[in-house]
Amino acid sequence: MTKKLYIKTYGCQMNVYDSERMADILQPLGYELTSKPEEADLAILNTCHIREKAEQKMYSDLGRLKDHRKNQVADSSQKSPMIIAVGGCVAQAEGAEIKRQAPFVDMVFGPQTYHRLPEMIARATRAADTKKGKGRGIIETDFPLESKFDTLPQTNVSRTAAFLTVQEGCDKFCSYCVVPYTRGAEFSRPANEVLDEARHLVELGAKEITLLGQNVNAYHGAAPMGSGEWGLGRLAKELAEIDGLERIRYITSHPSDMTDELIEAHRDVPQLMPFLHLPIQAGSNRILTAMNRKHTRESYLEIMDRLRQVRPDIALASDFIVGFPGETDAEFKETLDIIERVRYAQAYSFKYSIRPGTPAGLMEDQIPESVKSERLQELQALINHHQQTFNEQTVGKTVRVLLERRGRLEGQLMGRSPYMQSVAVFAPERLLGQMVDVSIKEAHPNSIAGTILTTESTSAA
Ligand code: 5AD
Ligand code: SF4
């Protein structure tokens, strides 16, 4: 009998990958994905702890799930009421706190234990007090000795653009960040395992693979046949040998791990897309030191220069935090100065958010919310301007687009340019999953649009 599985994913792409894998593990148990929480037999919130907002959102979503379960209990024609589970980084960091604030939650499990889901569900199902709507008290937030990657089944879902986790965890300990505590120590999967998973994804229909890791360019996986280790540049080169894999991307990187080999791969590996997301966070060296970033504005700008030398058309992206403790107006202006110099094609920016257990959370000189908001607005206005300019530069040009999904409008398909821009075209459904040439006609701040020139399948027809 099929059961309904509802998963809500918060936060980064790593969580998106983890949610996909959870669905893969649960499929043999008869779980089928649904987008309607009210009909779920099992509802999982795959949470993010990086900023306070994401955490608050999780608690309000939990309240809604509790109401859905109440309705299921009230409806006597219903099967047994849903199991409510919290996974991901909030679960890892605050397992006991979740039990206290939301005692009706049945299962709490961290990012390193989700391969044990079938066993946890069996335990939850056996627990007796379901109908009273009480939680079943299962918490799995250890860092187990066995790796989840050894026990996860292979996916059988075809995705044109697929994610592949190659590295997890982080040893950098930036002073504002919870990741080293929630995701644990840095760990790289052996290269063979990555190559096998990539081949499998390509066989299922993937044309693009994005390599994922909290610190993906710190990748140092065991090389095949015990011959040392491979860095990410070498891994990209080897992946490029897979027939049918047309595009390789990776996210997210740290400036200190931008090796020569990886920079050169941007010149030598045509499948490696001309796009790099390399967070700087702030433009002032004093703030970077306080953030424990281990790079300076100068070393960062030098990397950007070298990337542009080897790959002149590379599009660059970054993350920024405004209002880190003690940040002065002048220091904030140094961040704006970096943005002016690099002229990013894309960027994510955030107000500094105190995270429990991190050194920056204890620093004096916390910046008032109103100042953070003003700085964020100013920074985002500048970034939007550059982003729009970057997008306008593609108008009149032809870009290669991998059509990945339907758009919001009838008959519209969406894909990505090599530079990671969202591209909208009107095209028949059968072109989904195809690589097409698009003549760009319009630029918007967050996307570009155009018409299809040729496609492999139409020209063959
Ligand atoms: N406050 C605000 N932003 C943060 N980030 C990480 N920790 C915090 C925090 N405490 C941002 C960084 C990181 C991105 C994923 O989230 O910019 O690169
Ligand atoms: Fe967090 Fe810094 Fe590690 Fe990135 S490098 S995950 S910001 S500690």
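Trainee: Which residues surround ligand 1?

Mentor: A residue is near a molecule if one of its heavy atoms lies within 4 Å of it. Ligand 1 is surrounded by Ile50, Arg51, Tyr176, Gln281, Asp319, Ile321, Phe350, Lys351, Tyr352, Ser353 and Arg355. This is a predicted model, in which local features need pLDDT of at least 70 and side-chain atom pairs count only at pLDDT 80 or more, while totals for chains, interfaces and linings use all residues. Residues are numbered from 1 along each chain as its sequence is written, ligands are numbered from 1 in the order in which they are written, and side-chain values use heavy atoms, without hydrogens and water.

Trainee: Which strands supply at least two residues of the shell around ligand 1?

Mentor: Strands are DSSP runs (E, at least two residues), and helices are likewise DSSP runs (H or I, at least four), numbered from the N terminus. Strand 15 (315-322) and strand 16 (346-351) each supply at least two shell residues.

Trainee: Where do polar side-chain atoms lie 2.6 Å from an oxygen atom of ligand 1?

Mentor: A polar contact is a pair of N or O atoms within 3.5 Å; within protein, one must be able to donate a hydrogen and the other to accept it, and residues adjacent in sequence count only if both atoms are side-chain atoms. Asp319 has a polar side-chain atom 2.6 Å from a ligand 1 oxygen. For Arg51, the corresponding distance is 2.8 Å.

Trainee: Is His254 buried or exposed?

Mentor: Buried means under 20% relative accessible area, exposed over 50%, and partly exposed in between (1.4 Å probe, protein chains only). His254 counts as buried because its relative accessibility is 3%. His254 is placed in the loop between strand 13 (247-251) and helix 9 (260-268), and a polar atom of its side chain lies 3.3 Å from the backbone oxygen of Arg293.
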